[in-house]
Amino acid sequence: MRFLSALILSLFCCIPICAQEEPISWREALSQNGEWYSRNEARRIGDNVLLFQRENGGWVKNRDMAVILEENEKEKLEKLKTSNLGTTIDNNATFTQIRFLGRVYRATGDKRYKDGFIKGFDYLLKAQYENGVWQQFYLLRNGYYENITYNEGPMMGVCLFYTFT
């Protein structure tokens with residue numbers, strides 16, 4: 001009887017158990033290998049990125065794209081889509097979301113991610129000044145925000161996005 005119990009226990013331990021993927025941070029999501037972007041966690045974050053995207057194609061800064069959202073939070077984000085105030089390239093906003101959507105699209109073929117990527121890319125093109133540079137915020141906000149700054153890295157971030165995408 002002990003042998004049979006040991007055999008059943010050992011077989012049970014050898015059966016792979018499908019565990020839920022552990023949630024990861026937004027920073028971690030940006031540095032995964034190519035295969036990871038086809039997983040459920042990447043899709044969950046990709047869906048968040050699409051929810052946070054505004055109608056003009058940009059994103060506001062300092063938002064955790066990897067946060068686990070409740071239904072009421074998703075509803076609030078849907079309502080905020082029409083507000084283009086605050087969309088920016090500051091603090092790694094917009095170009096990192098575009099890059100993420102591109103990676104998830106490449107891994108999954110899901111057209112929603114491609115559409116979000118193109119919408120974000122169009123935002124960058126519309127936000128660009130005639131001389132080829134970007135201000136921190138688009139649609140333009142008067143004052144400091146319309147200036148081009150190198151010290152915080154928004155313009156360099158967009159340039160590097162174009163270089164490595």
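Start with the lining of the largest pocket: four nonpolar, six polar and three charged residues. Ala, Val, Leu, Ile, Met, Phe, Trp, Tyr, Cys and Pro count as nonpolar, Asp, Glu, Lys and Arg as charged, and the others, Gly among them, as polar. This is a predicted model: local features need pLDDT of at least 70, side-chain atom pairs need 80 or more, and totals for linings use all residues. Residues are numbered from 1 along each chain, and hydrogens and water are left out of side-chain values.

Select Trp26, Leu30, Asn91, Asn92 and Thr96, which lie nearest the pocket's centre among its 13 lining residues. Helices α2 (26-29) and α5 each give two or more residues to this lining. A helix here is a DSSP run (H or I) of at least four residues. The pocket holds about 270 Å³. On a 1 Å grid, a pocket is an open set of points with protein on both sides within 12 Å along at least five of seven lines; a cavity is a set where a 1.4 Å probe fits but cannot get out; lining residues have an atom within 4 Å of a point.

Next, select α3 (residues 40-52) and α5 (residues 95-108). Their axes come within 10 Å and cross at roughly 135°. The two helices are therefore oblique, the class left after under 35 degrees (parallel), over 145 (antiparallel) and 65 to 115 (perpendicular). Show the contact (heavy atoms within 4.5 Å): α3 brings residues including Ile45 and Val49, and α5 brings residues including Phe100 and Val104.

Which residues line the largest cavity? Select Thr88, Ile89, Tyr123, Ala127, Trp134, Gln135, Gln136, Phe137 and Tyr138. None of them is charged.

How values were computed:
Axes are lines fitted to C-alpha atoms, for helices over the stretch in contact, and angles run from 0 to 180 degrees between N-to-C directions. Grid points are joined across faces, edges and corners, and a volume is the space filled by probe spheres set on the points.
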